Amino acid sequence: MTFEELGLSAPVLQAVKDCGYTAPTPIQEQAIPHVLAGRDVIGASQTGTGKTAAFALPILTRLQHTGRPQALVLEPTRELADQLAEAFRTYAAHTDITVGLLYGGVGYGQQADALKKGVDVVVATPGRLVDHFYRGNMKFKEVKTLVLDEVDRMTDMGFLPIVRKIVNLCPWDGRQTLFFSATMPQVLQGFAKWCLTDPYEVAIARHEVASTISHAFYPVGLDQRDELLLALVKQTNFSNMMIFTRTRKEADMVANMLSRSGWGKAVAVMHSDIPQKERMAALRGFKEDKYRILVATDVAARGIDINGVSHVVNYRVPENPEDYVHRIGRTGRAEAQGDAFTLLTADEVDFAKSIEIFLKQKVERRKLEGFPYVYTALLDEDAPPLRKPRPAAGGRRR
Ligand code: AMP
């Protein structure tokens, strides 16, 4: 299928061409006709699948410039909101549609001015959006399309009550609601039922790791985790690397450790305690190759569109198997070759098993050559391939 066949407008098709997209991704192919038809959509799809264009392109095709908010996109974090607004502006480049961006941590002035001047699409984080409503800057009455993106993350961050309020501020009559969430726990199923009408369901799950990605677990004793990380970074020929940690403290500690080991100027950190401006600078610097290593907590990095990462390191095994697939998927984008290392200590064996069950495959255990391993029983677990027990020779088992 081609983009032309999906029924998008000529200016939007021109933008798609400018972006160099040759064919729609599966989620785009499935969702675009329904969004164009004005139907509610519920999508279980992660970032990296082309989800943004799946809703942005048809929304832009349907919009007419009035200067009053007609499409509202909610995002859990400022970085995501920024990224989404940027994507909308790119896809709207050949139209007269205007895009406003509202998020916290910065002054109200410019955002209020933009709203006053007139915007058709508003991309916002929930808290700041409601602040603008109370200040009389944001009007909801003409919102025809509401996009709730990364809803599971908004829930994790405690935004559900405020998102509910926002849904109620938007008109119910004739509103189109698009709902995207990587996971769909029970609480969200109820929420989706409440805010969607007869939704079309799209599910593009990523239970697979692209064949271009080589990924493995690196078992190690707890005391040697840091040492092994440094050795891996040192011995790897990488162009850029993302290192994921579980906590903010760990992210700072890993970044400091790398800095002390000679990577000083090449390392940037991203987590939610770091001021917004610095986070944006870290992200921009990493994308522009100013920093070669980005240390990030999953919360800060999930959903961020970073392409062409040559290496991903999980400092700890992710607790959620979907996060594993998602994180290491950053290396395999656009068919680029990628490598992903996951350090594995004894306390994380259960998480490692969950990942293998999720992927329906055993993940290879690797050892770093020349590393002075201190013995741990984990090191004995040398990747026996998953196989069914064979009956003993001579027939049936007793
Ligand atoms: P997303 O899942 O929206 O975060 O998109 C992930 C990346 O895929 C972004 O860098 C998009 O620019 C890119 N992308 C989206 N749609 C396509 C497409 N049809 N062909 C190639 N790349 C795409």
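Colleague: Why is Cys-195 called buried?

Modeller: This is a predicted model, and in it Cys-195 has a relative accessible area of 2%. Buried means under 20%, so Cys-195 is buried. Cys-170 also comes out at 2%, so Cys-170 is buried too.

Colleague: How do you know how many disulfides there are?

Modeller: A disulfide needs two cysteine sulfur atoms within 2.5 Å. Searching the whole structure for such pairs gives 0 disulfides.

Colleague: Happy with that. What makes a set of residues the largest nonpolar core, and which have the most contacts inside it?

Modeller: The members must be buried nonpolar residues joined through side-chain atoms within 4.5 Å. The largest such set has 40 residues, and those with the most contacts inside it are Leu-8, Phe-55, Leu-57, Ile-59, Phe-88, Val-121 and Val-123. Several elements each supply at least two residues, including helix H1 (10-19), helix H4 (78-91) and strand E4 (121-124). Helix H3 gives the most, with 7 residues. Apart from this core lies another, of 30 residues, among them Ile-213, Leu-283, Tyr-324 and Ala-352.

Colleague: Now to charges. Why is the pair Glu-150 and Lys-51 called a salt bridge?

Modeller: Their closest N and O atoms are 3.2 Å apart. The cut-off is 4 Å, so the pair is a salt bridge. Glu-150 lies in the loop between strand E5 (145-148) and helix H7 (151-156), while Lys-51 is in helix H3, so the pair ties together parts that are 99 residues apart in sequence. Both residues are buried. By this rule the count comes to 15 salt bridges.

Colleague: What about Glu-348 and Arg-246: buried or exposed, or in between?

Modeller: Glu-348 has a relative accessible area of 0%, so Glu-348 is buried.

Colleague: One last thing: what makes Arg-225, Arg-246, Glu-250, Arg-316, Glu-319, Asp-347 and Glu-348 one network?

Modeller: Salt bridges that share partners join these residues.

Methods: Residues are numbered from 1 along each chain as its sequence is written. This is a predicted model: local features need pLDDT of at least 70, side-chain atom pairs count only at pLDDT 80 or more; totals for chains, interfaces and linings use all residues. Side-chain values use heavy atoms; hydrogens and water are left out. Buried means under 20% relative accessible area, exposed over 50%, partly exposed in between (1.4 Å probe, protein chains only). Helices (H or I, at least four residues) and strands (E, at least two) are DSSP runs, numbered from the N terminus. A salt bridge is a side-chain nitrogen of Lys or Arg within 4 Å of a carboxyl oxygen of Asp or Glu.
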